[in-house]
Every structure is written in C-alpha cells, then in structure tokens.
Amino acid sequence: MKTAEEIFNLLKEKFGESVIELKTDVPVEQFVIVDPLSVDKICFFLRDDNELQFDSLMNLSGVDDANGEKVKDEQGLETISGGTLSVFYHLESTQLKHKLTIKTSTGREKPEVVTVTEVWKGADWHEREAYDMYGIVFLNHPDLRRILMPYDWEFGYPLRKDYKNPEFYQGMKVPY
Amino acid sequence: MGLLDQEFTDGNIVIAKTEDLFNWARLSSIWQVGFGLACCAIEMMATSASHYDFDRFGVIPRPSPRQSDAIIISGTVTFKMAIRIKRLYEQMPDPKYVISMGSCANCGGPYWEHGYHVLKGVDRVIPVDVYVPGCPPRPEALLEGLLKLQEKIRNESIVKKSA
C-alpha cells in the first residue's frame, strides 16, 4: 500500500521534469499531473515496478477543461480558442490494493497524448472513445477510429463545450 | 366482422368478401421483425413471453425482414441505427406496418434537446402506423398498440389506396 504522495515522490525521482505536480487541494482523491508525451513511459513504470504493480486501468476518460478564451466566429457562434483538453487515468493495483489517479493536459488546438494501449490492452477502446468525443489524438494507437459516432461524422467532437450540432446528417434532420 | 355470419348449415362453407378475408388473415398473423433497440425492447420481449403472450394475437418474432409484416421500433433510434432501420424497412415485403414504441422512437424522448446522436422520432426515416406512448410502455400498452394496428388493417381496402 502506497499513498499518492509516496508514489508521486517515486515518480518525481525517476522521471523528473515529466512529472509536473501532485494536486492535493481537491475534494476527490489526489492526483498526479504528468506530461502528455511521457505518459506511456510513466505507465510502464507504474505497471512493472515491484512496489507499485498497477496492473489494472480502471478507467480512462477525456475532459474538456474549457479554460480557453471564448470568441465569436463569423456566424456569431461562440467557440473556445486556446486552453486545454485533459485525460484522466484511474489505476488500481489488485495485488497491493492501492489506487492512483493521473491527469495529463494537452493543448486544445493540437491535442496529442501518447497511447497507453501497450501498457494496458483495455485502454484501446477507452482512448477511441476519448478521441471520438473530444478529438484527443492518441499517438501510436493501433486503431484510432471513432467508436460510438458514425465513422463519417464530420461535424466535430460532441462533448467539447463549443460543439454545435449540424442541421442535417445524411438527409436526416438533426434538431428537434 | 361479417366473416362468419353467413355460414351454411352443413358447416363446410363460409362466404365472405375477399377484402374481409384478406384483412382478417393479415391482422391475425402479424409477424414482427425480431428486432429490438433499447429498454423498450425488454418490455417488448416481456410482451412476447408467456405472461402477456403476443402469440395469442398471431405475433411472432421472425428473424428475417423479408418474411415479416411489421416492425416494432422499440427504443432509441440513433443516427447510426436509423440508416440500418431504413434498410430493414426497405427489405420488408408489402404490405408492411410500423409500430413506434416508446418516447424515444416517437419523438426523441429524453434526448430531444441534447441528444447529439439521436434521431428525433423514427417517423423522420420511415412511415409509422401506430405510436405507443410510454417510457417504456408497459406490455398492456404495446398490446393496445397492436390492437390499434389490427383495427387499421381490418378497415383496409384492396380497391382504395391506403394512406
């Protein structure tokens, strides 16, 4: 059993700059913020280290932080420019019975995070969902396609805060 | 229905109008496509099971649209599924009937405003004969919908074009 703080110190020692901070002033469990392009290396360590043994990725989800600047486009619709999109990883060690939450943030204009499918196979569809809903591109993912929306959905990523539904999709009216 | 009122005394012959005979045959054996979408499909299956027994009205799930008479749209119609529903409907032979079951299939239901993925009513892709309200409708409500459909078929004409 290790606390989030102990794990953070271990990671900080091993990865230095790539591990950004431990967030403690949160009402939920404390989480470690890491660099989006080093997630895979950190996760390999978390899985394989004898003192950590995070063998289970319980959940992986995308978040639109909506912390950018709100701007009106030519048609007067509000869009968000700048800011970040985030990915949260909820890990558990079934052997050592401890848990850890990792967060990584990436720029909204070109959201790129390294995949963890090599670490946990189950991450595959979770990452496809995050891509489908937020447009976060997981680098080196084996099969990064939309998973829930139609493959030919060309109107953006529906869970982004500035998403606008189209009027028509394949001849079907979309609004109520 | 005027089908059995002119029975001959020896009991072998019944005289009826072709229209009545056809309609009676059609409404008594509505085979539905073995097809369900969401929680409404659970109620539809309950209606098919022994307690409510859809089979007593001649309704059985037929696992081929090419040999079915009706399709019950039982659940949320997403855009992805709407395309497939349209194809299923087009594969069914005439005469064919559609029962829209539950709020989602009727008008989008709880997804009417923020459902970026939901078609707001299956009648935007295929013509619907009977709408069954409810979320989901109880088996009794679906049975009522079926009786309404039977009523509609009973009054059809082979001469006049139906709507």
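Let me start in chain A, where helix α1 (residues 4-15) and helix α2 (residues 39-48) pack at an angle of about 125 degrees, with their axes 11 Å apart. Helices here are DSSP runs of H or I with at least four residues, strands are runs of E with at least two, and both are numbered from the N terminus. The axes are lines fitted to C-alpha atoms, for helices over the stretch in contact, and angles run from 0 to 180 degrees between N-to-C directions.

What I am showing is a predicted model, in which local features need pLDDT of at least 70 and side-chain atom pairs count only at pLDDT 80 or more, while totals for chains, interfaces and linings use all residues. Residues are numbered from 1 along each chain as its sequence is written, chains are lettered from A and ligands numbered from 1 in the order in which they are written, and side-chain values use heavy atoms, with hydrogens and water left out.

Back to that pair. α1(A) and α2(A) are therefore oblique to each other; under 35 degrees would count as roughly parallel, over 145 as roughly antiparallel, 65 to 115 as roughly perpendicular, and the rest is oblique. Which residues make the contact? From α1(A) they are I7(A), L11(A), K14(A) and F15(A), and from α2(A) they are K41(A), I42(A), F45(A) and L46(A). Contact means heavy atoms within 4.5 Å. These residues divide into 6 nonpolar, no polar and 2 charged. Ala, Val, Leu, Ile, Met, Phe, Trp, Tyr, Cys and Pro count as nonpolar, Asp, Glu, Lys and Arg as charged, and the others, Gly among them, as polar.

Chain A as a whole has 3 helices and 11 strands. Its C-alpha atoms fill a box of roughly 55 × 30 × 25 Å, taken along the principal axes.

Now chain B. Helix α1 (residues 18-28) of chain B packs with helix α5 (residues 139-154) of chain B at about 160 degrees, the axes being 8 Å apart. So α1(B) and α5(B) are roughly antiparallel. Here N23(B), R26(B) and L27(B) of α1(B) meet Q150(B), I153(B) and R154(B) of α5(B). That contact divides into 2 nonpolar, 2 polar and 2 charged residues.

Last, the interface. 13 residues of chain B are in contact with 17 residues of chain A. The area buried between the two chains (accessible area, 1.4 Å probe, lost on putting them together and summed over both) is about 1200 Å², and carbon and sulfur atoms give 69% of it. F79(B), K80(B) and Y116(B) supply 53% of the area that chain B buries against chain A, more than any other three residues.
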